[in-house]
Amino acid sequence: MPGDFLKALKTRPLLFDGATGTMLQRLGLKPGGCPDELSLKDPDIVRKVHRAYIGVGSDIVTTNTFGANRIKLKEYALEGRLSEINRAAAGCARAEAKDGFVAGGLGPTGRFLEPVGDISFETALEVFTEQAEALKAGGVDLFIIETMMDIKEMKAAIIACKSTGLPVVATMTFDETMRTVLGTPPESFAITAASLGADCIGANCSLGIEGIYKAVSAMSKVVDTPLIAQANAGIPFLRDNRTVFPASPDEMASFVPRLVEAGVAVLGGCCGTGPDHIKKMGEVFKSLKPVKRGTHGFTALSSRTSFTLFGAGLPPVVIGERINPTGRKVLAREIKEGKTTGIRNEARSQTASGAHALDINVGVPGIREVEGMKMAVFAVNENSMLPAVIDSSDPEAIVAGLTAVDGKPLINSISGEEKKLASILPLARKYGGALLGLTLDDAGIPDTAEGRVRVAEKMLNKALVLGIRKEDLVVDCLAMTVSAAPLSALETLKAIRLVKERLGLTTVLGVSNISFGLPAREVINATFLTMAIEAGLDCAIINPNNKAMMDAYHASLVLLNKDLRAERYIKRYQAIVPPQATVARAEASMAPGIGERLKKAIIEGDEENIVTLVEGALGEGWDPIKISNDGLVPGLEEVGRLFACNTYYLPQVMLSADTMKKAFARLKKELKGKTGPSRGKVLLATVEGDIHDIGKNIVATLLENHGFEVLDLGKNVPSDKIVEEAVKNKVDIVGLSALMTTTVMEMDKVIKRLKEKGVKVMTIVGGAVVTKEFTDKIGADEYGGDALSAVEKMKRMVKERA
């Protein structure tokens, strides 16, 4: 029963099972077959796996449904049997678990959500809800969402599973840099998943037990949600044409005490682990006393690639207020026209100026705010790593923002008004988000600090009833216009102190309203900001591009001992350019040439304006080859450099690639059927038995942008077909991809066939389980690594061959 699982989670260590896929292979699953279908075709094999884990002490077994969602099953023409497959899998697990728990397993769809990919959030939500409901009907006690790489897809999966009323365990997979493929660190995932109501979170797959320890340790520092660790049995390698996971049961068991110290309450295994591993690890795990973890108390926001913490004694933070059309005609007109240039520029400039989160408001009369909010959030996600603040009075627009945003945002705002509480609080609970609470109610804004504290307390009580955590309410004590109400500033400062002292809540303030109607407003604003920080303000909504405000902010942190050794302050002023250098730089950059503008557009992923810039270059007499070589390609090369130094991540790379595509599409019209110079011809394929192609598709896009001709054969491609097409199309390079340990040996088969047929072609291999050692072992010419590295290696390969 669900309640029993949650009770057990609080009272004792819980042991999951280990790998399922590799055991099914050993028991008869053929490479390329659908593992999920076995619950119908050969349930005895599936039950045998569950029985083995129950026999060594597993408290929880996972259904054989990792790929049993509509999108994955369609690869095998089985989408029509989704409910049947999931119910049968739940039945197999239940039959063996007896009094133990059955976790309904959900894996990724294999496609990224927009704007990085082509699946909408709503579609993903439907896909996961369909599978979750089928598993619940089959009798599972809880869900485990595993091996996710896309934080937005994880959001959809958690919301879908939570909608059934069953407990949810959620894990993502990280590489050795402690990032997912799309750049999400463990902290951002943990903050996001906890806000969505996941009952247990952690990491699985990709890493050995030490790497998983690093990931869950990072999570432990930002959330107090119970943690789960499911490591691989080390990093696999090839021995005698067989994939071997090196970590023994004893080796993995010896590391378990460190996992427990990090706060792990649930333990299991992933690729390469079997019953022997689970038995040894479980014996140690259940002998140890769980670590008691206290609450952190701070407010946490997250984006796809970063996170922001404030309150609970941490240094105050800044929310950038500039993405707001109020009083800004140009920005308002752009939003009305569906353009995002101003939004993207504001996102980048405020990030560079030191903001910690960005407010997003698209409240322009006469627009559909729902579409406008989605557009704006996508633009901010793509141009800043900072968490978002969804600023709207329209619940539908707030939902649009919550489903478009990558991580955990701040919702701006609720108040003590009954209608606001009833409409907005449930959205924060469902979609995950902190709440900015204005201290006003149906009677208006209280004149006194005491009255505002009472409104804050009312909002807190309502939030707690719905299961929203105390630290996710951020209270705005409201800065009133001091020229009209001379005592209002003092009353606001008093309210901030009382909210901190009596309620222990995080505080926020929109500062600039204090000076309305007065001359030299920034002097008043900066001074008031300093006073508010001294009173206990945790978060200021200001213009981070305003030097006076940011000077006051940084100076306050130093004077209030919130900037250790004045490090932030010193760093800020070291970065300020001397006046004479500023003048020289301004003169040098007053009128950047068309080549620089093209380069900048590619770097920033400016899809909106790239075609106009290309046409501008053509109008200046540039030919298509010059535009490509002197404008577009240098931009893409800089994107590669930013990716290599972890400034950009895959979403930014793909945005730049899409921008490049639009530029090339316009240039092709000028070529009138002709083709520009080609770097070479590359055949790409995911090998037979493997239906994963995300990485391959990314490489294909980047290769085209770098001037290669690409022949993409797709996934699950037989070796003979690869050889045949390589000969027929006279390709220079064959690129092979495999994600599973059970299919990598198909790469060896393809390379042998190419050599047997005497095909003069270079080969490069890649995929999650492929290593340099494996590459050398099978005689491939190059190891791909990440997508951009693979492209650079192929550029070098064709150059050396020429």
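How accessible is lysine 500: buried, partly exposed or exposed? At 26% relative accessibility, lysine 500 counts as partly exposed, since buried means under 20% and exposed over 50%. Keep in mind that this is a predicted model.

Lysine 500 has a partner. It forms a salt bridge with aspartate 538, and the closest N and O atoms are 2.6 Å apart. Lysine 500 sits in helix H19, residues 488-503, while aspartate 538 is in the loop between helix H20 (521-535) and strand S20 (539-542). The two are 38 residues apart, so the pair links distant parts of the chain. Aspartate 538, at 4% relative accessibility, counts as buried.

I will go through two other pairs. By the rule used here, the count of salt bridges comes to 47. In one of them, arginine 70 meets glutamate 130, with 3.0 Å between the closest N and O atoms. Arginine 70 belongs to helix H5 (residues 70-73) and glutamate 130 to helix H7 (residues 121-138), so this pair ties together parts 60 residues apart in sequence. Both ends are partly exposed: arginine 70 at 30% relative accessibility, glutamate 130 with a relative accessible area of 31%.

Next, lysine 280 and aspartate 250, whose side chains meet in a salt bridge at 3.5 Å, N to O. Here helix H12 (residues 275-287) carries the lysine and helix H11 (residues 249-261) the aspartate, so parts 30 residues apart in sequence are tied together. Lysine 280 is partly exposed at 34%, and aspartate 250 is partly exposed at 48%. There is also a network of salt bridges, which links Asp150, Lys152, Arg304 and Asp406.

The largest nonpolar core has 130 residues, of which Phe189, Leu435 and Leu529 touch the most other members. Helix H8, residues 151-162, gives the most to this core, with eight residues. Beyond its neighbours within four places in sequence, leucine 435 has contacts that include Leu410, Ile414, Leu425, Ile468 and Val474. A second, separate core of 31 residues includes Leu650, Leu684, Phe708 and Val798.

Last, helix H30, residues 745-756. At 1.5 Å a residue, its twelve residues should span 16 Å, and the end C-alpha atoms are 17 Å apart, which agrees. Among the buried residues of H30 are Met745, Met747, Val750, Ile751 and Leu754. What covers the buried residues of H30? The cover includes strands S8 (237-239), S23 (733-737) and S24 (762-766), together with helices H29 (719-729) and H31 (772-778). Just after H30, glycine 758 takes a positive phi of about 70°.

Methods
Residues are numbered from 1 along each chain as its sequence is written. This is a predicted model: local features need pLDDT of at least 70, side-chain atom pairs count only at pLDDT 80 or more; totals for chains, interfaces and linings use all residues. Side-chain values use heavy atoms; hydrogens and water are left out. Helices (H or I, at least four residues) and strands (E, at least two) are DSSP runs, numbered from the N terminus. The expected span of a helix is 1.5 Å times one less than its number of residues. Buried means under 20% relative accessible area, exposed over 50%, partly exposed in between (1.4 Å probe, protein chains only). Contact means heavy atoms within 4.5 Å. A nonpolar core is a set of buried Ala, Val, Leu, Ile, Met, Phe, Trp, Tyr and Cys residues joined through side-chain atoms within 4.5 Å. A salt bridge is a side-chain nitrogen of Lys or Arg within 4 Å of a carboxyl oxygen of Asp or Glu.
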